[in-house]
Amino acid sequence: MKKFRFPEDGDVAADIRERYGFDGDLLEIYAENTGAKVHKWHHYIPIYDRYFSRYRSTKVKFLEIGVNNGGSLQMWRKYLGPDAVLCGIDINPDCSQYDGQSGMVRIGSQDDPEFLAAVVKEMGGVDVVLDDGSHRMHHIEKSLRVLFPMLNEGGTYMIEDLHTAYYPRFGGGFNAPANFFNTMRQMVDDMHSWYHGKSGLALPELAREFSGLHVHDSIVVIDKAAAQRPTHSRVQK
Ligand SMILES: C[S@@+](CC[C@H](N)C(=O)[O-])C[C@H]1O[C@@H](n2cnc3c(N)ncnc32)[C@H](O)[C@@H]1O
């Protein structure tokens, strides 16, 4: 990933502002970050703002998979505000030292359904999931299948760093069956099952629960909303 690295002495804010035309608060929160280190791809900043700005200054219940050194949770606290219920989960027990700093931190694996259910119960529900965990294909899909049904109606499920879908060491590969974008394709087909009529849904636990799939470079966003049987009309008043 070195070939994508921004120069140490470069102006992070200027790069994001100039190349992505973004100048919101999150730019400063990220680019002026102090304390725990936070490491993000520059093009993620405007994408986060596009999907998460509506949760600012609310009591949003926000679950981040992957805590590392706590920098990301610190960024979300500054961005979302004091009322947000923030929880980070990580498999690394060392991350428990960040519990209570910017939010709750709980230790466990993103592919453990009982652990995930317990965390969501403790949070009192969940509105947003941000998967920045192992980035392994089977973990991403397992977490999605377990957590998406628990997401509150109107919620947002974001998965980042999906360039890993092309890397064999994460269980992906350009033509690998487990490449997460194959799952996305199945979700597109499930979304349109009304029209093609093929029996059997690829992801029945999700098929009628999402209303939108958004693909950005390395980021997928799934909107949680009960799918409605489509209808159309001709109107002339
Ligand atoms: C890329 S770092 C996340 C960083 C954090 N979100 C940030 O932006 O600073 C990925 C984290 O996922 C954690 N992780 C790896 N496998 C995991 C698993 N199976 N379940 C939960 N967390 C896992 C790692 O320990 C690591 O801290």
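H163 sits in the loop between β5 (151-159) and α7. Between H163 and H216 there are 53 residues in sequence, and their C-alpha atoms are 11 Å apart in space.

Before going further, a word on what you are looking at. This is a predicted model, in which local features need pLDDT of at least 70 and side-chain atom pairs count only at pLDDT 80 or more, while totals for chains, interfaces and linings use all residues. Residues are numbered from 1 along each chain as its sequence is written.

Now step back to the whole chain. The protein chain has nine helices and seven strands; these are DSSP runs numbered from the N terminus, with helices (H or I) of at least four residues and strands (E) of at least two. Its radius of gyration is 19 Å, close to the 18 Å that the globule rule gives for 237 residues, so the chain is as compact as a globular protein of that length. Here the radius is taken over C-alpha atoms, and the rule is 2.2 Å times the number of residues to the power 0.38. Along the principal axes, the C-alpha atoms fill a box of roughly 55 × 45 × 45 Å. Of the 237 residues, 33% are buried. Among contacts with a separation of 6 or more, 61% are between residues 24 or more positions apart, a contact being two C-beta atoms, placed from the backbone, within 7 Å.

Next, the interior. In soluble globular proteins, nonpolar side chains tend to be buried together. The largest nonpolar core in this model has 52 residues, and F62, V128 and V129 have the most contacts inside it. Such a core is a set of buried Ala, Val, Leu, Ile, Met, Phe, Trp, Tyr and Cys residues joined through C-beta atoms within 7 Å. Leaving aside neighbours within four places in sequence, V128 is in contact with F52, Y55, V60, F62, L63, G155 and T156.

F52 leads us to helix α3 (residues 44-52), where Y44, I45, I47, Y48 and F52 are buried. Seen down the axis of α3, these buried residues fall within an arc of 165°, so they line one face of the helix; the arc is that of the directions from the helix axis to the C-beta atoms. An α-helix has 3.6 residues a turn, so residues three or four places apart point the same way. The buried residues of α3 pack against α1 (12-20), α2 (25-31), β4 (126-131), β6 (210-216) and β7 (219-224).

What surrounds the ligand? Of the 20 residues around it, G66, N68, S72, Q110 and S134 come nearest, where being near requires a C-beta atom, placed from the backbone, within 6 Å. The elements giving two or more residues to this shell are β1 (61-65), α4 (71-80) and β2 (85-90). By class, the shell has five nonpolar, 11 polar and four charged residues. In this scheme Ala, Val, Leu, Ile, Met, Phe, Trp, Tyr, Cys and Pro are nonpolar, Asp, Glu, Lys and Arg are charged, and the others, Gly among them, are polar.

Most residues other than glycine have a negative phi. N68, however, has a positive phi of about 55° although it is not a glycine. S218 also has a positive phi, near 70°, and is found in the loop between β6 and β7.

Finally, turn to strand β2, where D90 is found. With 23 C-beta neighbours inside 10 Å, D90 counts as buried. Not counting residues up to four places away in sequence, D90 touches G66, V67, C95, V105 and I107. D90 and V105 are 15 residues apart in sequence, with 7.6 Å between their C-alpha atoms.

Conventions:
A residue is buried if 20 or more other C-beta atoms lie within 10 Å of its own, exposed if 12 or fewer, and partly exposed in between; C-beta atoms are placed from the backbone.
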